[in-house]
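Hi,

Here is the model I promised to pass on.

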Amino acid sequence: MDLLTVRGLSVRFGGLLAIESLSLEVREGEVLSLIGPNGAGKTTAFNAISGYLRPSGGEVLFKDSNIVGRSTNDIAALGLVRTFQKTSVFPSRSALENILIGLHLRSKQSALAILLGLPSVARDERMLLAEAERILSFINLQNKKDELAGALPYGEQRLLEVAIALAAKPKLLLLDEPVSGMNPSETASFMAKLAEIRALGITILLVEHDMKMVMGVSDRVVCLSQGRIIASGTPADIQRNPDVIRAYLGERHKRAEGARPRA
Amino acid sequence: MKSLVTVLGVAALASVPLWADAYLLHVLVVTGIFMVAAISLNLLLGYAGQLSLGHVAFFGIGAYASALVSLGFDISFFTLKPKPVWMAMLAGIAAAGLCGWFIGRLSFKVRGAYFVIVSISFAEVVRLVAVNWVELTQGPMALNNIPPLTLGSLTLWKKPENYWLVLAVAVVSFILVKRLVGSKAGRAMIALRENEPLAASVGVDVTRTLVLATIVSAAMAGAAGALYAHYVRIVDPDVFLFIYTVTMVIMVVTGGKGTLAGPVVGGLIFGLLPEGLRALAIKPETQWIVYGVLMVLVVYFLPAGIVPALKRRVRWIS
Amino acid sequence: MDQLLQHFLNALMLGGTYALLGIGLTLIFGIMRVVNFTHGELYAFGAYMMYALVMLSGANFFVALALAVVLGALLGAALEFVLLRRLRGADIDTTMLVMIGAWIALQNAEQLAWTGVAKSIDNPFPAAPLVIGAVSVGWNRLFVFAVALVLIGMTYLVIQKTKLGKAMRATFQDRDTAALMGIQIGHIHTVTFALGSALAAAAGALLGPVFVAYPSMGDLAAAKAFAIVILGGLGSIPGATIGGFILALAEELGAGYVSSGYRDAMGFLLIIAILVFKPTGLFAQKERIG
């Protein structure tokens, strides 16, 4: 079934049409990648889908209800969580606290219960703490749990970002260039982690430039250029697609050809 | 270990009236009241990161509301008979909390530097209302003969009893903030301060969080105001002067904003410092110049405040 | 009707000086993103300088006026250099706190220097007002209005027509790009703060002789300046100018028809109302100054 359906999405900035009548579906359980040259509108599409931008037209149906115009925190509560292109953590808090914040929606503490110091609050906190440590172990950062997030090395910060998003228990995870700036070994281990996340039943919509990663993890790929979809299909199809190659002006096509597509 | 130290500390503080003279007690009571206000401001300014410079409005509204309810008032369309002081104090807290709700909702629409200005403006408007609505507030002629708190058969006329009351309220305020900060709600406030888009992306409701922070903070400041009204027993519009907000801000910032101990340390320093300076026969203007310079120096050299700097020292040693 | 006209006339004079205050602050607030709590103190400084120069040193009124403005600029430049240089790039809370500290220190220094007693300053204009039909206008007030207009015009010309003004506008729009283009941000900041402070001092120097000088006069002035900045939209000189006149008119009408006690509340009420309903201000020319 389609977890996310985007129909006729358009985004206008003043006189500029950044995205023109975009339509796509994300099926439950799949990994869909959004590619395209710089300026194609990938992050704009992300922002419009996840509620950070108000689209000028079109609908975004998540679990069959239209989420256009809803606040980002409501969208997160429905199960759609995104990460950000620029490293986004809570810098002055420890890695563990970062995850605890990500667990915000899982906690049912009321303000009154908190102020009265009811035992249910303490129980809830213990549950959250255990859950946070579990998530930290999942991304192999458990030995960094008390380190300040802002002090972590770049690659680990990006991992922490994903972990924070995971803490919010998404059904659909939007990852905005998660491996940008990572070296090849970090990218490879992230790809393995992505497979594990997928195995948890989480559907993934990915924006990426790294073709090796895209071809290695995706079930389907959609290519954007100048605000419109120019191709969509399996990684193998996309690699061979002349429009895609043309959009990337040749250089990337060599790299794409070199990667092995997912069968 | 930590809790033992805390209990001993509180016990030590509770023993003060047994050996201190009346003047020192008075200073400590006023310091304690300001400390409660500083603790409340720290929640809003330090943890939630809201540049609220109208905090004295909540303090003053708590003071006036409590005083008016305990004295009773008679304005053209409404008369209120005097009520028991404990009820009046609750009214003061509620009134301040209500204003907190209003400001909280406003702070969502108006951010950053603009919010600073709005919060100052709000406090000024409230002050001018207190000055001009003479029918209700007696204007500059002040509300006096405010009754002290009566608990059962005990009436708090004397300083030691007031000291213990303020100490109790200060301890309760500290605990409330501690509970809040260590919970989902407090983490949401901190998340807003650190990285708002990220916080929203994991489900933090910005408006709700801001409103909660402001209501609790305002109600607590209102409690401090109510304590003030029934201790000093006279309240005039000067209670809304911006300089008192500044005092609270200095306490929070110097002590360490966003830390639990910060406003306590800051409150103690800036509550007791004027007395120390007065003993040195320094003019009040000079005292304020010292405060101003101190603020600037703290921001330059100890931007996180005294408590974090001390913590680093201690960690370094141990 | 005549009452109304009189109110209008009073508002004109007041509005001119309010506009000066507002323009000064909108430049500082806009270009430097600093919540300048010392703005009111520069206003008081201007008034006190007039007192010192005219009453204590016997200087010529007009010479003293010019001097007061220049001294205001120098004080502003000094404040920026000593206090704000080191804080370049710091967040708004930090600079705000430093400005609060400076404000307290300055105001109390002024109190120490001049004591709390209000000082009046003589002016060389005839005491009898100019009477036109049913309304009257004091000569000194007319002078204030004229000078204010001249200063507003000069500031506008500097911002719009000079190289310096262009650099200031560029810094307002996008500081990083401006720096990349070779604009010395440090210099621009010092000049901006000096200019803004000079305008505040001018307002004080002009109004001081009309009313009196007293140590906390800066507080209300600062608050009104903030109101005007918000009314007019950040960074807009025409906005601040019109805002200044609107505030003066609101005050005059409020004092005349509602209650004089609430005169000063007008500014604050306007701020709150505008920010609740139209947060960008009445004339927000959002990303420009000038």
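The crossing of α3(A) and α6(A) is right-handed (that is, the near helix is turned clockwise from the far one by less than a right angle). Helices here are DSSP runs of H or I with at least four residues, numbered from the N terminus. The axes of α3 (residues 95–102) and α6 (residues 154–167) of chain A come within 7 Å and cross at roughly 35°; axes are lines fitted to C-alpha atoms over the stretch in contact, with angles from 0 to 180 degrees between N-to-C directions. On the α3(A) side sit A:Ala95, A:Asn98, A:Ile99 and A:Gly102, and their partners in α6(A) include A:Leu160 and A:Ile164 (contact: C-beta atoms, placed from the backbone, within 7 Å).

Before going on, the bookkeeping: this is a predicted model, where local features need pLDDT of at least 70, side-chain atom pairs need 80 or more, and totals for chains, interfaces and linings use all residues. Residues are numbered from 1 along each chain as written, while chains are lettered from A and ligands numbered from 1 in the order written.

Over in chain B, B:Gly258 lies in the loop between α12 (242–255) and α13 (262–279). B:Gly258 counts as buried because it has 22 C-beta neighbours inside 10 Å (the cut-off is 20 or more). Leaving out residues up to four places away in sequence, B:Gly258 touches B:Gly46 and B:Tyr47.

As for the contact between the chains, 28 residues come from chain A and 22 from chain B. On the chain B side, α9(B) gives the most, with seven residues.

Cheers

Notes. Helix = DSSP H or I, 4+ residues; strand = E, 2+ residues; numbered from the N terminus. Contact = placed C-beta atoms within 7 Å. Buried ≥ 20, exposed ≤ 12 C-beta atoms within 10 Å, placed from the backbone.
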